[in-house]
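Hi everyone, thanks for making time. I'd like to walk you through one structure, so please bring it up on your screens.

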Amino acid sequence: MPTIFHKIIRREIPADIVFEDEHVIAFRDIAPQAPVHVLFVPKDTYATLNDVPADRPEVVGRLAVAAARYAREQGFGEDGYRIVVNCNGDGGQTVFQLHLHLLAGAPLGRFGVAAG
């Protein structure tokens with residue numbers, strides 16, 4: 001089932017695209033959770049991280065390497081950044097096309113919920 005990310009990949013809706021190669025597209029999140037919030041999305045369709053085949057680890061690797069490269073090129077690689085992949089509802093995933101969040105531009109602190 002096509003998602004908003006598939007529409008961005010096909011250029012059917014606008015997005016602020018900051019990186020693209022033959023495997024990955026990256027664009028600014030429309031509801032940023034940090035001063036820098038960029039989504040890195042594979043051009044192949046995988047609804048969740050669970051759907052990436054064991055024999056295709058490069059799918060996730062390409063997302064992470066692209067995010068790290070972008071962080072370095074934008075000058076916040078040394079200060080630090082966070083990458084996050086949400087998986088399914090309890091994991092916070094709302095768009096069911098695999099994607100990686102890159103968050104940066106301010107101290108990010110802790111994340112998650114308190115154990116208990």
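A word on the ground rules. This is a predicted model, in which local features need pLDDT of at least 70 and side-chain atom pairs count only at pLDDT 80 or more, while totals for chains, interfaces and linings use all residues. Residues are numbered from 1 along each chain as its sequence is written, and side-chain values use heavy atoms, with hydrogens and water left out.

Let's begin with strand 3, residues 36–42. Helices (H or I, at least four residues) and strands (E, at least two) are DSSP runs, numbered from the N terminus. How many residues of strand 3 are buried? The count is 7 of the 7, so strand 3 is largely enclosed by the rest of the structure. Buried here means under 20% relative accessible area, exposed means over 50%, and partly exposed lies in between, with a 1.4 Å probe and protein chains only. As a reminder, in a regular strand the side chains alternate between the two faces of the sheet. In strand 3 both faces are covered: Val 36, Val 38, Phe 40 and Pro 42 are buried on one side, and His 37, Leu 39 and Val 41 on the other.

Now the partners. Two strands pair if DSSP finds at least two bridges between them. Strand 2, residues 24–28, runs antiparallel to strand 3 and is joined to it by 5 bridges; Ile 25 has Val 41 as its bridge partner. Strand 5, residues 100–104, is also antiparallel to strand 3, with 5 bridges, and there Phe 40 is partnered by Leu 100.

Next, the loop between strand 4 (81–84) and strand 5, where we find His 99. His 99 counts as buried, because its relative accessibility is 7%. A polar contact is a pair of N or O atoms within 3.5 Å; within protein, one must be able to donate a hydrogen and the other to accept it, and residues adjacent in sequence count only if both atoms are side-chain atoms. The side chains of His 99 and His 101 are joined by one of 3.3 Å, and a polar atom of the His 99 side chain lies 2.7 Å from the backbone oxygen of Gln 97.

Leu 98 sits in the loop between strand 4 and strand 5, and is buried at a relative accessible area of 1%. Contact means heavy atoms within 4.5 Å. Not counting residues up to four places away in sequence, Leu 98 touches several residues, including Tyr 46, Leu 49, Val 59 and Leu 63. Val 59 is 39 residues away along the chain, yet the two C-alpha atoms are separated by 9.7 Å.
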